[in-house]
Amino acid sequence: MQKIRFFSKKVDTLFTFRALYAIIGRKIEEVYAFLQEERTYSMKIDLNAMKDVLLSCEKPSRYTGGEFGSEEMPDSDLNFCMCLPDVYEVGMSNLGIKIVAKSLTDRGFCVDRCFAPWVDFGKALRENHIPLYSLQKKKPLAEFDMIGFSLQYELSYTNLLYMLDLAGIPLLRTERDEKYPVIVAGGPCTVNPEPMADFVDIFFIGDGEENDAEVAALYVKFKKGEIPDRHAFLEAAAKVPGVYVPALMEVEYNDDHTVRAFHGITHVKKAMIPDLDKAVYPDKLAVPNCEAVHDRVVIEVMRGCYRGCRFCQAGFIYRPVRPRGVDTLTKQACSLIRKTGYDEVSMNSLSTGDYPHLRELIRSLKAELPENVTLALPSLRVDSFDSEFAQDARRSSLTFAPEAGTQRLRDVINKDVTLEEILTAVGSAFDMGYYNVKLYFMLGLPTETDEDLLGIADIAKQISALYYSKKRKKQLRISISCATFIPKPFTPFQWERQASAEEIEHKQQVLREALRMRGVSLSWTDYFQAALEAMFARGDRRTGKVLLAAYKNGCIFDGWAECFSKEGWQNAFAETGVYPTEFTRAFAEEEILPWDFVDVLVTKEFYLRERRRAYQAKVTGSCMAGCKGCGIQREFTCHIPQNECPGAKKSGEETA
Amino acid sequence: MILFRYTKVDGAEYISHLDLFRQIDRTFRRAGIPVAMEGMGNHPKIFMNAPLGTGIQSLAEYCCADAAYDGDFIRIFNENAPKGVRCTAWTTVEKKVNLPVLIAWCDYRIEGLAHFDEEALLAEPEIVLTDKRDRVVEIRSKIHALYWDNGILCATLRSGNQTLRPDVLGEYLAARFGGKCGTIVKTTAKQEDMRELLK
């Protein structure tokens, strides 16, 4: 195999001696500078030479590229590598990175892809001194101008460090000079970018359809010398809507580690695309070599959600609701089905049942798509469940998310569904032949008591009684899944504390006792991981130190149970002196929150008002019943479907 | 029915057999050639030859699909197939061809092995090795021919039910005679009738 010359911390010994020989008698700084220059050698990974490495790993087709629909683009003024810090099967299913890639390729830039290698391949790359490379061009990541990461969930953060490390790129932004690629990040987690501020040069907050390409164009100017240096480039980038440059902001802390003040650029407003029909959307997709998590065509029917569930971060950060038109969606679905060969179209959004023209869309898709293509409707709410929609899904199991066991607690979280609606939806599903029901709940919600937990068992009993009230062929199976509540930034619950491990354990015990019923299974998420998620969702810059320490302790793929190292994290807390309890605590309403410099267009006053209403168990209801004055209306005329939407209810009694 | 030969090279050799099945199904869909479906799960009627070990390249994979096409099948297939999967010949047949049974022997080229006396090896009454599943197996009867071509070992090995994986043989030979089992390419699937079909 070709010896790989790669010069960050891992300098090839033989080459070092050659280099020393070439410039013998010079200072070590000059030797190092020489090596750094040599790094610019262009290199391509040879798959044939990597045969043994690939065959030593599970699913080698994750690392070979060549998928139908992907193309090897020639180098351009800006060479961009789009990364998702998770495995190939997850990354290839992500729509966001495809949108970003399309927005860049439309402007003539070269875009490639890379995902986190599974632990076996990562180890093999290290042992064989092969740098992490892109899938299409097989080019080391360090040779790109810009590397973009999509941050989808907090437990993928260490994987970003893992990928940079495998690429031989210094992890800390302060250790990277102009010879290294600019590291950028987008995705939902960037609404609180602070835990990653030590590692990422530029964050994109909000919709990424336009601002990423604007920053790319600025980089080209920098590369051509029209912008004098990297700092000037970062300053220019920071002026683009939705762009946050951590190097241009300093955070001052109080003695108790709360934020005292932000200095520098202290206000970053998220980018927002007002009309999705005019927004860029991929016209072809790379069809994965091996089965992906979502192996189907995905159309995004709308962005945002009308509902305003008080725990749901996505429901607030993706506001306002922007539906795509039926014609646009039909064209996108038909084109992608033809170009990919998939046999399923998934109509995605945060609450697809609320899409104002759902029936029209289903009719249009059925008329235009080939006969053997099925339609999938994820994210259906119980109150928008309709037998017409369910039949299209052709599944044996249905999933509903009541989130809380009693009406009181559902009112607290503004989950505006009643037990009667749950039973009606489940009942129609049973009559259509469904016999598996999955129910999602959360444990540790604000004001939750044991009575609310017993309410979960009561729902299960009522569903069971409903099923067996008629003669059915199969035995009913109810799967109850309980996640630990995480008080996320940019929600009315952002100030709440997360329940402690002991409290959650007690709640699980109560549920275990109450749910000893035939055909009912109960599962829950690990508390330690939930606390970590809270730590990095609500974290400040100090949490970056924990991430780095945990990565050095071997923590990667933290969202994967088989890889999770509790010990590695506990050691990282001890080494840095930063513990999750500092971030799972209740935040005071008057304190400056670590993410307060980010503006997602919803006002703090609205969150506070909603918090008060939560404690009064008052439902605010959905935007469909009228504007609630969240703040978005200051900049955008919201699309409120009122009567045209099947899910519209007149439940919201208050308008602002 | 369409019977066709295709390659599995240029990275496609790392796609597993089951994933390749899905890729071929999708290639037909993209090409707009409907394939008949069967069974409860509504599976496409696509029949492939015996699975090729992951990482082994091939110039001679065969597939039979319950579909009809009267245009330039090679062009339409290749325009819609992933990289490294290329149709090189095709014909129509009246009924399903049982490829794993029909293809009894295959030719391979194995690179990287140290030279040894292949005739002496073939003269041995039996060759016993431990396969990838830790089973002790006798393989002499599964080797039809061995010869050298410009330093590359060419082997004709049993395929189908009694298959001998070329990588298993290659690793055995490397361990016994030296060198390293490098790139392996399946060059021909040997069955007179099929050669006739895809002439």
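**Strand pairing and helix packing**

Strand S16 (residues 436-443) of chain A pairs with S17(A) in the parallel sense over eight bridges.

User: In S17(A), which residue is the bridge partner of Lys438(A)?
Analyst: This is a predicted model. S16(A), residues 436-443, and S17(A) are paired in the parallel sense. Within S17(A), Lys438(A) has as its bridge partner Ser479(A).

User: Which residues make up the covered face of strand S17 of chain A?
Analyst: S17(A) spans residues 477-484 and has one covered and one uncovered face. The uncovered face holds Arg477(A), Ser479(A), Ser481(A) and Ala483(A). The covered face consists of Ile478(A), Ile480(A), Cys482(A) and Thr484(A).

User: Where in the order of the six-strand open sheet of chain A do the edge strands lie, and which are they?
Analyst: The order is S2-S1-S3-S4-S5-S6 and the pairing is mixed. S5(A), residues 202-204, pairs with S6(A) in the antiparallel sense over two bridges, with Phe204(A) opposite Val243(A). The order begins with S2 and ends with S6, and the edge strands are S2 (110-115) and S6 (243-244) of chain A.

User: At what angle does helix H9 of chain A run to S5(A)?
Analyst: Helix H7 (residues 157-166) of chain A lies across S1, S2, S3 and S4 of chain A, running at about 155 degrees to S3(A). Helix H9 (residues 230-237) of chain A lies across S3, S4, S5 and S6 of chain A. Its angle to S5(A) is about 20 degrees.

User: How are H18(A) and H20(A) oriented to each other?
Analyst: The axes of H18(A), residues 527-537, and H20(A), residues 566-576, come within 11 Å and cross at roughly 45 degrees. The crossing is left-handed. The two helices are therefore oblique.

User: How many residues of the contact of H18(A) with H20(A) are nonpolar?
Analyst: H18(A) contributes Phe528(A), Leu532(A), Met535(A) and Phe536(A). H20(A) contributes Lys566(A), Trp569(A), Gln570(A) and Phe573(A). One residue of the contact is charged, one is polar, and the nonpolar ones number six.

User: Why is strand S11 of chain B largely enclosed by the rest of the structure?
Analyst: S11(B) pairs in the antiparallel sense over six bridges with strand S7 (residues 105-110) of chain B, where Tyr108(B) stands opposite Ala155(B). Strand S10 (residues 143-149) of chain B also pairs with S11(B) in the antiparallel sense over six bridges. S11(B) covers residues 152-158 and is largely enclosed because of its seven residues the number buried is six.

User: Which residue in the hairpin of S10(B) and S11(B) takes a positive phi?
Analyst: Asp149(B) of chain B has Ile152(B) in S11(B) as its bridge partner. The hairpin has two residues between the strands. The positive phi, near 50 degrees, belongs to Asn150(B).

Key: Residues are numbered from 1 along each chain as its sequence is written. Chains are lettered from A and ligands numbered from 1 in the order in which they are written. This is a predicted model: local features need pLDDT of at least 70, side-chain atom pairs count only at pLDDT 80 or more; totals for chains, interfaces and linings use all residues. Side-chain values use heavy atoms; hydrogens and water are left out. Axes are lines fitted to C-alpha atoms, for helices over the stretch in contact, and angles run from 0 to 180 degrees between N-to-C directions. Helices (H or I, at least four residues) and strands (E, at least two) are DSSP runs, numbered from the N terminus. Angles under 35 degrees count as roughly parallel, over 145 as roughly antiparallel, 65 to 115 as roughly perpendicular and the rest as oblique. A crossing is left-handed if the near helix is turned anticlockwise from the far one by less than a right angle, and right-handed if clockwise. Contact means heavy atoms within 4.5 Å. Ala, Val, Leu, Ile, Met, Phe, Trp, Tyr, Cys and Pro count as nonpolar, Asp, Glu, Lys and Arg as charged, and the others, Gly among them, as polar. Buried means under 20% relative accessible area, exposed over 50%, partly exposed in between (1.4 Å probe, protein chains only). Two strands pair if DSSP finds at least two bridges between them.
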